[in-house]
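The following note sets out points for a colleague who is working through this model. Please read it alongside the coordinates.

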Amino acid sequence: MTALIKDAFSVAKAVPDDIAGMMACVRDAQKYLSRCEVDQWQNGYPNESVILRDIELGNAYVAKSPNGRLAGIMALVFGDEPSYAHIYGGEWRFSGEKYATLHRLAVRAEFRGGGLAFALLRAAQSEAAIRGVSVLRADTHRDNMTMQGFLQKHGFERRGVIYLADGSERLAFDTRINMSTDEKVDYD
């Protein structure tokens, strides 16, 4: 089912045919981060194989404009995130509870500033709530002030530092999902 969100943009699970638009979104995000002097997504990550894997696992979502133009992407991963097993300089607020992790959230340049990232976040919260998960986690680069501000604006709290498998440091955030039944939308 496709859900209409924010100004008639639709959010749905990604399919392999979305890959070209998804990679264009990634390239836009890489350019934006480079202009902001953020050393995140500057080493070829995420590449097409990462995005295709997200699609294969059912973790990838896309936001499309009314005319079908791909406007934003995200991955929503359920289950334990290995990089989150150890957190430094803090602790998870909801330790021991099931959680979903928001990864690879990006919006095409021409669609930024219109609330589309929030629409993707609400879709993630809705999907998690439908699956009985009440906690959402995310991480971002220390210099990515845009993402940090976005997360904090929407109820996430900074919890500490985690390290990715390659040793890269990331700031870790979590939030409790609070959605009423009428806000939940099935994305399958």
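**Notes on side-chain interactions and backbone geometry**

1. The side chains of Asp-54 and Arg-104 make a polar contact at 2.7 Å; the term denotes a pair of N or O atoms within 3.5 Å, where within protein one must be able to donate a hydrogen and the other to accept it, and residues adjacent in sequence count only if both atoms are side-chain atoms. This is a predicted model, in which local features need pLDDT of at least 70 and side-chain atom pairs count only at pLDDT 80 or more, whereas totals for chains, interfaces and linings use all residues. Residues are numbered from 1 along each chain as its sequence is written, and side-chain values use heavy atoms, with hydrogens and water left out.

2. Asp-54 belongs to helix H2, residues 48–56 (helices, H or I of at least four residues, and strands, E of at least two, are DSSP runs numbered from the N terminus). Its relative accessibility is 6%, so Asp-54 counts as buried (buried means under 20% relative accessible area, exposed over 50%, and partly exposed in between, with a 1.4 Å probe and protein chains only). Leaving aside residues up to four places away in sequence, Asp-54 touches Asn-59, Ala-60, Ala-75 and Arg-104, contact being heavy atoms within 4.5 Å.

3. Four aromatic pairs are present (rings of Phe, Tyr and Trp, the last by its six-membered ring, pair if their centres lie within 6.5 Å; planes under 30 degrees apart count as stacked, over 60 as edge-to-face and the rest as tilted). Why is the pair of Tyr-88 and Tyr-163 classed as edge-to-face? The ring centres of Tyr-88 and Tyr-163 are 5.6 Å apart and the planes stand at 65°, which means that the pair is edge-to-face. This pair links distant parts of the chain, 75 residues apart: Tyr-88 is in the loop between strand S4 (70–78) and strand S5 (99–107), and Tyr-163 is in strand S7 (residues 157–163). Tyr-88 is partly exposed at 44% relative accessible area, and Tyr-163 is also partly exposed, at 39%.

4. Ring pairs also join Tyr-84, Trp-92 and Tyr-99 into a cluster. Over the ring of Trp-92 sits the charged end of Arg-137, 3.9 Å from the ring centre. The charged end of Arg-131 sits over the ring of Phe-78, 4.1 Å from its centre. The criterion is that NZ of Lys or CZ of Arg is within 6 Å of the ring centre and within 35 degrees of the ring normal.

5. The count of salt bridges is 11, each being a side-chain nitrogen of Lys or Arg within 4 Å of a carboxyl oxygen of Asp or Glu. Among them is the bridge between Lys-64 and Asp-18, whose closest N and O atoms are 2.7 Å apart. It links distant parts of the chain, 46 residues apart, with Lys-64 in strand S3 (residues 60–64) and Asp-18 in the loop between strand S2 (9–13) and helix H1 (19–35). Lys-64 is partly exposed at 24% relative accessibility, whereas Asp-18 is buried at 6%.

6. Arg-93 and Glu-157 form a salt bridge at 3.0 Å, N to O. The partners lie 64 residues apart, Arg-93 in the loop between S4 and S5 and Glu-157 in strand S7. Together with Arg-159 and Asp-174, Arg-93 and Glu-157 are linked in a network of salt bridges. Arg-93 is partly exposed at 30%, as is Glu-157 at 37%.

7. No disulfides are counted, the criterion being a pair of cysteine sulfur atoms within 2.5 Å. Cys-25 is in no disulfide, and the nearest cysteine sulfur, that of Cys-36, is 15 Å away. Cys-25 is buried at 0% relative accessibility, whereas Cys-36 is partly exposed at 38%.

8. Glu-37, in the loop between H1 and H2, has a positive phi of about 60° although it is not a glycine. Trp-41, also placed there, has a positive phi of about 65° and is likewise not a glycine. Glu-37 is exposed at 70% relative accessible area, whereas Trp-41 is buried at 11% relative accessibility.
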